[in-house]
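Hi,

Here is the structure I promised to pass on.

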Amino acid sequence: MTSLEQPDTTQIRKLTVRGPSGTRQRLLPRLESAHWPAPSDGSWVLVRQVAASAIGSSLAEELLQKTRQQLNTRDPSEVIRFPSLAALLAALIEDICKGVAPQRWYWQRWSGLWPLPVGDAIQQLLQEHPLQLVAVCHQLASDSQLSTVWYRLSADNASAVLWSLRYELGLEPASCGIGGSSQDTDIAVKPIPEQQAQVWKPIVASFSETDPRSELALLVLATELAALALCNNPGHTLASFRRQLAPSRLQPEPESGGLLTAMARAQNPAPAREKVPPQKTESVPSPEVSSSPGAMPVPDPELTLDHPGSAASIDISKPDTRPPALYQDTARPPSSRKWPEPHQSHQHAGNIHTAMAGTLYLLNVLNRPDIQTIMAQAWQSLPNGWAWLYRLARELELDPGDPLCEFLAKRLGLKSATELETLPKLPERQRVLSLVARWFHQDDLWCPALLRGPGELGYTPGHLDLYQDSSQVRLEVRLAGLDLNPGWLPWLGTVVTFHFDHFPQLKRARS
C-alpha cells in the first residue's frame with residue numbers, strides 16, 4: 001500500500017530537445033542532479049509551463065532560474081498552489097463531481113479519470129491516498145461538499161477505500177465488526193465534537209449499518225478521534241460512534257451553513273455509475289510542477305526551452321503515468337508563506353510556536369515495540385495517543401504553560417490546557433521508565449533538556465509537521481534516533497514529519 005513519501009524529487013513528464021545532436025543526453029544528467037526549488041511546508045505548486053533559451057552548457061541553469069521566477073508568479077493561468085496534498089485532492093474530487101475537471105489545465109495529469117464513472121474516479125483517488133482521507137473529508141466538509149461526494153460513491157467504491165484505510169491501520173476486516181455492549185463500548189471513546197457530528201450524522205443515517213459507505217464514515221471519524229481505541233478494540237469503538245451518529249434511521253432534512261453539508265443536493269444523488277461527459281482539452285496537456293509530503297500523480301511541468309540554431313526544449317504533449325513532478329520553493333515554515341489559492345476555501349488549522357519542540361521526539365519513544373505492547377495492554381486506562389504523549393512529556397518537566405499544551409488539549413477534546421492534569425496518570429509508569437532508562441542515558445539525553453528547543457507546528461487533521469532550524473540538531477538525539485521522522489502512526493491516526501532546515505526565526509524560543 002502507501003508509504004510516507006517525501007517531496008524530494010522533480011520529474012519532467014516529457015523532454016523534447018531541439019538542438020545539436022547529443023544536447024538532450026548532456027542536459028538530462030544536469031537536470032536530474034540540479035537543486036530544484038523545493039517548499040518544505042507541504043505545499044503543492046502546479047506550474048503550467050516554463051520556457052528558457054540558452055546555449056547547451058547553460059541550458060540547465062537557465063531552466064532552473066526560469067522555474068524559480070515562474071514559481072513567484074501570481075497568475076492562476078500559469079501557476080496554481082494548494083497548501084497541502086489533501087487540499088489538492090479535495091479540489092480535484094469536487095471538480096470531478098461538478099464535471100468541470102476536464103476543463104482545468106492543472107488537472108490534465110489525471111485525464112485518465114475522465115471516462116470513468118464519478119464514483120470510480122473518486123475511489124481511485126482516495127484508495128491511492130488513504131492516509132489523506134481524514135484531511136480530505138475535513139476539506140470537503142468545509143466546502144459543503146462532503147455529503148455530495150459520499151453519495152457519488154457506490155457500495156463497491158466505498159468498500160475498496162475502506163479496505164485501504166483498514167490496511168494502513170493494521171485492522172483485519174473481521175475485527176471491524178460493529179458490536180459489543182454499551183458498557184464495554186463507551187469505556188474509551190469520547191463524545192464526537194458537535195461540529196463534526198452535524199457533518200456526519202446525515203451521511204451515516206442515510207445508509208444501513210452494513211453499508212460500506214456508513215462503515216467508511218465511522219472509520220474516518222474513529223481514525224481521527226480515537227485511533228488508539230480503534231487499533232485495540234475496533235468493533236466497540238465503531239459501535240460507539242455509530243450510536244452517537246445514528247440513533248434513528250430517519251432521513252435528515254437539508255441543512256446549510258458553516259460545516260453542514262449540502263444535503264439538498266444529496267437528497268437526489270446522481271447514480272453511482274454516472275459518467276463525467278468527456279470534454280476536449282488543449283492539444284498540449286497542462287504541465288504542472290508540484291511538491292508535497294506524499295507522492296501522488298500530480299500534473300508535471302511543461303518545460304519548453306528554445307535556443308535558436310542549437311535549441312533545446314522540454315515539452316509536454318502526452319499524458320504520462322510516472323510519479324509526479326515535485327517542484328519545491330524556498331524552504332520556509334508555513335507561517336512565513338502566503339500562497340494564493342485556486343479555490344475559495346482551504347483548511348488551515350493554524351501554526352503553533354513552541355519552546356518545547358523536543359516533546360514530539362517522544363513519539364519515537366512511544367512507537368517502540370516494547371512501549372506499544374504496554375499501550376496495547378493499558379489503553380483503556382489512557383485511551384488516546386495524545387494523552388500518552390502528554391503524560392510521558394510531563395516526566396521530563398513539560399512546561400504546562402507552553403502553547404504545545406493547548407494544542408494537545410485540543411487534540412484530546414479538552415476546553416483548555418489546564419484540564420490536561422485531570423487525565424489519568426501514565427499507565428505502567430515504572431515499567432515504562434525502566435525501559436527508557438535502559439535505552440537512554442539519564443544525564444545527557446533523557447532529561448528535561450531533551451524537550452527544550454524552539455519549533456513551529458503545522459497541523460491539519462491527520463498530519464502534523466514540526467519545523468526546526470538546523471542549529472537545533474543534537475548529535476546525541478540523532479544517534480538515539482529520536483529526531484527521525486515518525487511517519488504514519490496508526491495508534492495516533494496521524495502522519496508526523498520533522499523538517500530541519502534554515503529557519504532563522506526559529507533559532508530562538510519565543511517568549
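**Two helices side by side**

Helix α7 (residues 155-169) and helix α10 (residues 212-225) have axes that come within 8 Å and cross at roughly 30 degrees. Helices here are DSSP runs of H or I with at least four residues, strands are E runs of at least two, and both are numbered from the N terminus. The axes are lines fitted to C-alpha atoms, for helices over the stretch in contact, with angles running from 0 to 180 degrees between N-to-C directions. That crossing makes α7 roughly parallel to α10 (angles under 35 degrees count as roughly parallel). The crossing is also left-handed, meaning that the near helix is turned anticlockwise from the far one by less than a right angle.

Who does the touching? On the α7 side, Ala155, Ala158, Ser159, Val161, Leu162, Leu165, Arg166 and Leu169 make the contact, and on the α10 side Pro212, Arg213, Glu215, Leu216, Leu219, Val220 and Thr223 do. Contact means heavy atoms within 4.5 Å. By class, that is ten nonpolar, two polar and three charged residues.

Before you read on: this is a predicted model, where local features need pLDDT of at least 70 and side-chain atom pairs count only at pLDDT 80 or more, while totals for chains, interfaces and linings use all residues. Residues are numbered from 1 along each chain as its sequence is written, and side-chain values use heavy atoms, with hydrogens and water left out.

Val220 sits in helix α10 and is buried, with a relative accessible area of 3%. Buried means under 20% relative accessible area, exposed over 50%, and partly exposed in between (1.4 Å probe, protein chains only). Leaving aside residues up to four places away in sequence, Val220 touches Leu133, Val134, Cys137, Leu165 and Trp200. Its C-alpha atom is 9.7 Å from that of Pro130, 90 residues apart along the chain.

In helix α15 (residues 369-378), the buried residues are Ile371, Ile374, Met375 and Ala378. They share the same side of α15, because they cover an arc of only 100 degrees around the axis (taken from the directions from the helix axis to the C-beta atoms). The exposed residues Pro369 and Gln377 are on the face turned away from that buried side. Cover for the buried residues includes α11 (227-232), α14 (362-366), α16 (385-394) and α18 (429-439).

**The whole chain**

The protein chain has 19 helices and nine strands, and 57% of its 511 residues count as buried.

Cheers

Conventions:
Parallel < 35°, antiparallel > 145°, perpendicular 65-115°, else oblique. Nonpolar A, V, L, I, M, F, W, Y, C, P; charged D, E, K, R; others polar.
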